[in-house]
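Dear colleague,

I am handing over the structure below, and my notes on it follow. Please read them with the coordinates open.

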Amino acid sequence: MNIAAPWIRRPVATTLIAIGILLVGIVAYMRLPIAALPSVDRPTIALWAGLPGASADTIASALAQPLERQIGSIPGIVEMRSFSATGGTQLTVQFQLDKNIDAAAGAIQAAINAAGPNLPKDMPQPPGYWKVNPSGWSVITLALTSEVLDPSDVYDFADTVVAEQISQVPGVAQVMVSGAEHGAVRIRVDPGRIAAMHVSLEQIRAAVRNATLNLPKGRVNLDGWFWSIVANDQLYKAPEYRDIVVAWRNGAPVMLRDVAEVTDGVINARLAGWYNNEPGVVIRVFKQPNANIVATVDAVKALLPQLEHWMPPAIKVHVIFDRTTLIRAAIVHVQLTIVVAIALVVLIVALFLRRVSATVIPALAIPVALAATLVVMERLGYSLDNLTLMALTVAIGFVVDDAVIMIENIMRHMEAGMRPLRAAFAGARQIGFTVLSISAALMAALVPVLFMPDVVGRYFREFGITLAAAIVASALVSLTLTPMLCSRFLGRIERRDRRESLLLRGYLRSLGWVLRHRALTVAAAMTVTAGSVFLYLDMPKGFMPTQDTGVIYVRTVTIANVSFTAMTALQRAVSTAVLDDPAVEGLNSYIGTDNGSVLSNGELLVALKPPAVRQMTVQQVIARLRDSLAKVQGVRTFFTPIQDLALGVQSSASRYQYTLTASDPDHLAQWADRMRRAMADLKGTLTDVISSNEIAGLQAGLEIDRVRAAAMGVTPLAVDNTLYDAFGQRQIRTIYLPHNYSRVILEAGPAMQADPASLNTVFVPGTGGGQVPLAALTRLGRSHGTMWMVHSGQFPAATISFDTLPGVSIGDAIAAIRGLERTLHLPDDIRAEFRGEAGEATKAGTQQLLLFLAAIFAVYVVLGVLYESYAHPFTILTTLPPAIFGALLALRIVDIEFTLITTIGCILLVGMVMKNAIMLVDFALQAERQDGLAPVDAIMLAARRRARPIVMTTLVAVLSAVPLAVGTGPGFELRQPLGVSIVGGLLASQLLTLYTTPVIYLLVGRLRRRPTPHRAEMAVR
């Protein structure tokens, strides 16, 4: 059967179909979106519940625990984490990949409603949730600054104008505004003065609440007209509040201004943000799961000019960083790489075939096959990203390989005297099965990639399917368009080139010597196999290469009980040091994370200059910043290069997370501290080691004498309310504005909040409205306590985040930490696991080996079916050890870790290097079965006939991967490992398998010819 025959006979139809595919491919290319990686995000919901003034313990028990109990019963949850600190808790829930995000959001809302009766009644607002991008990093970050307006006024515009409009952009999940707060009226009471006037804080709170309202008042009718009733019942600014009457004493009113300082301020005074070195409000935009990052950012940036018209001219909008800048540059660079790869492979074809027509034919086959692949990508909803473009780059080698095999075989028939048309029929019929076998083997090698599990599998599935589509398109083009073009445009060929004949004679002479010394060849092959095993075991193992996205996340950490003023000075010092680095383009900085509940942690997002400008990798920039910031006293800094592929639900100071969970929080804290200190002692392996557990905070404890309090008519509720009024920044009323809202905040004066001893001067209401000093009822004590509490899956958890030193892989770090567990004898009731990227790395080693073995098995099955043989697939698979040895050796020379990318490269090698053996074995089997040649003569004839296409196709594949292996341009970190492994593996395979494959073929053939009872019975039949 000759698949190519109908297409050769109908050149017009074949040409028009090819042109049609090319045009449709161009349209598909124009419609494909651009992205950094395939859009695959695990459905994730974040939830926030606030109770201003409440301690971390109260938040964890009163807010987090009821919500966790209800949410934890939702099916399909993969991971749930809560962070409870002063004033509120944030829960992050991640679901299985097949969970619909809208269904997950509905389940979360139902859980919030179910938990409602168990939540505190005085929450300012009910818990809210939003769909989040699990990568956890903003796709674009803006800053609003003004030299005229106060930060609270800038914040109002940011929150009411900018954030609201950007939130409506398709693809935007959340817009976070930080660095300032909404305006508020702050009432700072003097407890001593109100005690002298026999007025309690509770009386003041009630008086203020009743003095400012915004309630319906109805309407009246007059002569057919109705009149809405309005009143000045709501107060807006501080001067209006100062005249509120809080009590009457001796027939005279006690005004609020008599007992308190009333000013216009902000809701939370423990927040601050900066753009570079000037105060600014930071706006971070997060994309929705499965939204395209480039399209989302483009829509946001297109909206900015309109937003600027709606804001005062005094407010300036700055783009701090745009994650798509390097993405676009990387995509352009990969597209240029594809053009370079096409030029290189066409050059190789021209050098070998020495005919313009023979060179033009594969040059035409490449765009047609790629166009067909682009159509498949567009129909499947894929994007032009680093992985799919890598697949297209590698596919160039496959396309040209198939075309070269076909053209070379047709030219060989023409060299024997056939005319082009007859040679096209004969060559296509002879080589058709070989092309199908090669394509089937390549498809089989990709099967493990297509079925990789979980999020990582979803990412690489686009790569695998894109490459599979290219392989199928390549085979179809080689069996249709290529032989048709050969039949029409090759012309007559008189004889072979003399230089190539000399090279061929040299190869055949050396092959004859190898066939006479088969034992030596087998020993060499076994040595290479052993070398491959040794290199794999000795190589550093990683999960994914570190990308240079041009953005660094910096966490600043100082003592737990730091004041707002002191933290502001430390944060400004760190920002100044970072901005002094020549590689830094700009930054935004803010303190008061988690709504101001955590002051000891600050954050910076640092935008770097383009790689071509800074001439340094992101790791080198981090190393230099780490040295310069070590000189800033009183604060520690931790660096994380932001990655496009981020896993897990928790953010941390460093890149990798190691989480301990237990039912006993005290026991957990003890072992978390022990493990943290042990990990910090791994000086040559780990750096930036820090625990999320913080128990060094200061607590001012009050022990109530309940008997004495009862005798004086004081209840614990009155004590709690008074303390909350004085020290909790209590929000006692909402002020409704035309476009926003503000709050009324009740608190004690600043002098009282500056010293725990001032608790003794607080008075609480007692019997008959008298004021009882708190000191008469309580005993004051000071202690250390938890500043925040973390739960993982409803259990107390402590996460130790860390990074690896340059030259140390995450695999080595994981092994070292597991060794510490054994050395310290970690108790059984402490559960230890790696999370996020480190968690995936723990699975990667086994996954990588299983993927490679699965690829080999799939190829063996396919070849066994094609050749109806158990033995000859083994002959073909013996080409793998040299290829793997070459790939691992090249990676080791270039100092690249063995990651999932290199695993994919080795899997591709399984298919790429087998084509050499398939061409030899297929031809030799035909010579044995059809021409009756002896095995030695058959394999020698196969070597003579197939040496030139084998060398050509190998060089074509190598040169198609060389642009990837060079390691230049944005995003090269993902491309280079694949290119290096392919180039190294193909070169080693080319040097060795031209000799080992014939030897193995003869040895396997000898084993197959040994008589067995089954063969004897078949012979009799």
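For the helix packing, the axes are lines fitted to C-alpha atoms, for helices over the stretch in contact, and the angles run from 0 to 180 degrees between N-to-C directions. Please keep in mind that this is a predicted model.

Helix H3 (residues 56–71) packs with helix H4 (residues 101–115) at an angle of about 130°, and their axes lie 9 Å apart. That angle makes H3 oblique to H4, and the crossing in which H3 passes H4 is right-handed. On the side of H3 the contact is made by Pro66, Leu67, Gln70 and Ile71, and on the side of H4 by Ile108, Ala111, Ile112, Ala114 and Ala115. Sorted by class, this contact of H3 with H4 has eight nonpolar residues, one polar residue and no charged residues.

Turning to the aromatic rings, the count comes to five aromatic pairs. One of them is formed by tyrosine 658 and phenylalanine 834, a tilted pair with 5.0 Å centre to centre and 45° between the planes. This pair links distant parts of the chain, with tyrosine 658 in strand E21 (residues 656–661) and phenylalanine 834 in strand E31 (residues 831–835), 176 residues apart. Tyrosine 658 is buried, with a relative accessible area of 0%, and phenylalanine 834 is buried as well, at 6%.

Phenylalanine 834 also pairs with phenylalanine 802: the ring centres are 6.5 Å apart and the planes stand at 75°, so the pair is edge-to-face. Phenylalanine 802, which lies in strand E30 (residues 795–804), counts as buried at 0% relative accessibility. Ring pairs link Tyr656, Tyr658, Phe802 and Phe834 into a cluster.

Technical notes:
Residues are numbered from 1 along each chain as its sequence is written. This is a predicted model: local features need pLDDT of at least 70, side-chain atom pairs count only at pLDDT 80 or more; totals for chains, interfaces and linings use all residues. Side-chain values use heavy atoms; hydrogens and water are left out. Helices (H or I, at least four residues) and strands (E, at least two) are DSSP runs, numbered from the N terminus. Angles under 35 degrees count as roughly parallel, over 145 as roughly antiparallel, 65 to 115 as roughly perpendicular and the rest as oblique. A crossing is left-handed if the near helix is turned anticlockwise from the far one by less than a right angle, and right-handed if clockwise. Contact means heavy atoms within 4.5 Å. Ala, Val, Leu, Ile, Met, Phe, Trp, Tyr, Cys and Pro count as nonpolar, Asp, Glu, Lys and Arg as charged, and the others, Gly among them, as polar. Rings of Phe, Tyr and Trp (its six-membered ring) pair if their centres lie within 6.5 Å; planes under 30 degrees apart count as stacked, over 60 as edge-to-face and the rest as tilted. Buried means under 20% relative accessible area, exposed over 50%, partly exposed in between (1.4 Å probe, protein chains only).
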